[in-house]
Amino acid sequence: MSTVLSDLSDALADAVASAADGLVRVEGRDRLPATGIVWDAEGLIVTAHHVLERDENINVGFQDGETVAAELLGRDPATDLALLRTPKRGANVPTWAEPESLKVGHLALALGRPGANVRATMGIISALGKAWRTSAGGPVDRYLQTDTVMYPGFSGGPLVDAQGRFVGLNSSALVRGVSITVPALTLNRVVRDLQEHGSVRRAYLGVGAQPTRLPDELAKELGQETGLLLVSVEQGSAAEEGGLFLGDTLVTLGDAPVRHMDDLFNNLDGERIGKPLTVRILRGGQLVDLTVSPVSHP
Amino acid sequence: MTTLLAQLNSDLGELADEVRRSLVQVSAGRSGSGSGVVFAADGLVVTNAHVVSGNRGRHPGTGLRVTLPNGVVAVAGLLAKDDDLDVAILQVERIEGKLPELHPIKMGDSRELRAGQWVMAMGHPWGVAGAAVAGIVIGAGPDLPEAPGAAKDWIAVDLALRPGHSGGPLVDHRGRLIGMSTMMAGLEVGMAVPVHVIGEFVARVLAGEAGAEKYDTAVV
């Protein structure tokens, strides 16, 4: 027999051991603790929103056995992420994998620290896809699915590659029955927002909408087959104040065509808050330009 | 690349063949069956206590049979069992005055297991003889989520144990026994009794400190 299997076994255990420093136990609910990732050497910890069932009395346990109290800096339920601040200094910050290095079929390990020690499950990267939106509307920069088992307490822990480099944060709550990893790019963005504002800021119009076909002639002229029909306009909302009515069809927002709900979401990031925005609508067969000032998402 | 996988496959096949030589099927009369592993050349076989306990009459362990890898069916006596550990020790009886050919499994060490290391379980899931499943060690020790009996040592593995795996060997990448497949914790997580727990129990029984006198040797 060759040493291939021994080498494989050792390499997997080495990958787990080398990543161990970078994950912590997060005690934020009555039942089993969950896991978090060391974000920086200044004590920041990123974890899953759903494992923090309380805002106070949260503790974080490190690889060296030290357990410290943590302060909740903010949550983003839409991407199931939360940020904690601990007084811990100088914890080893994990090495992150280059996103381009991932391929479907690669071995991957899901890690967790529900108790004192690091636990691991293994699988492969099942699917890599483009940006997507969670059912709660949270934008995720890349679809990343594995067939790793989410052992109890693994939520908030990392997916690591065969070298033990961190790939993203695992959540069992984003899509039922599927192991989904939130990629580093999304973590970066959400952590920045949570650090600065305590929440992820999204601009808000106060409309309900659904895609609808534009008249043939207009579709040809605009090079756009669908718009968004407004099926509700909230009272006192930015949309109402800007003059939007129930039954209007949204065609563009700023300079961007609005064909699907995603186009609307993608154009309402935090940067839009409080700034006048030109919207083009179809009303009574005529294109009309209006100005709205989106507010912060309540 | 393909050479590596070909070598891996060939090694896996070899390892499964080797472990299968020590794998037995344990039948406890009408109360069901499970797996077991040849622990010592003098006829000691270990399995789960729950595999032999279905027979809750006055004589637990009577009517036990062990099917060896070569198809020979031997009668076995229950030497000792411990329901808390979920370990039972059987003694394979002689056939026409001599012990059937037995291949004891190589012993491993379950005290130094590392999360992530490769493991394989063999058994008879749903009655499929000598089947193998492989995965890695999730973790070992007493503080595993969903482990029954919080203070006990377990090995959690990310492979799918099914009825019929019970009592079968969990081995490392060299085919060394590190645990006994015992139960599932969820559909995709297996729990095994570490071999050091089994070894200590066997040693106590052989030293006459536990269990041995409690049971009749099976006479069928």
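Two strands pair if DSSP finds at least two bridges between them. Helices (H or I, at least four residues) and strands (E, at least two) are themselves DSSP runs, numbered from the N terminus.

## Before we start

This is a predicted model, where local features need pLDDT of at least 70 and side-chain atom pairs count only at pLDDT 80 or more, while totals for chains, interfaces and linings use all residues. Residues are numbered from 1 along each chain as its sequence is written, and chains are lettered from A and ligands numbered from 1 in the order in which they are written.

Let's look at strand β18 of chain A, which covers residues 249-253. Five of its five residues are buried, so the strand is largely enclosed by the rest of the structure. Here, buried means that 20 or more other C-beta atoms, placed from the backbone, lie within 10 Å of the residue's own.

Which strands does β18(A) pair with? One is β17(A) (residues 226-233), antiparallel to β18(A) over two bridges; there, Leu228(A) has Leu250(A) as its bridge partner. Another is β20(A) (residues 277-283), also antiparallel, joined by four bridges, with Thr252(A) opposite Arg280(A).

Then there's β19(A) (residues 256-257), antiparallel to β18(A) over two bridges. Leu253(A) has Ala256(A) as its bridge partner here. β18(A) and β19(A) make a hairpin with two residues between them, and Gly254(A) in the turn has a positive phi of about 65 degrees.

## Helix α1 of chain A

Now for a helix: α1(A) has 16 residues, 4-19. The expected span is 1.5 Å times one less than the number of residues. That gives 22 Å, and the end C-alpha atoms are 22 Å apart, so the two agree.

Its buried residues are Leu5(A), Ser9(A), Leu12(A), Ala15(A), Val16(A) and Ala19(A).

Chain B has three helices and 13 strands, and buried residues make up 49% of its 220 residues.

How many residues does each chain bring to the contact? Chain B brings 25 and chain A brings 27, with two residues in contact if their C-beta atoms, placed from the backbone, lie within 7 Å. On the chain B side, α1(B) (2-20) and β9(B) (131-141) are the elements that give two or more residues, and α1(B) gives the most, with seven.

Note on methods
A residue is buried if 20 or more other C-beta atoms lie within 10 Å of its own, exposed if 12 or fewer, and partly exposed in between; C-beta atoms are placed from the backbone.
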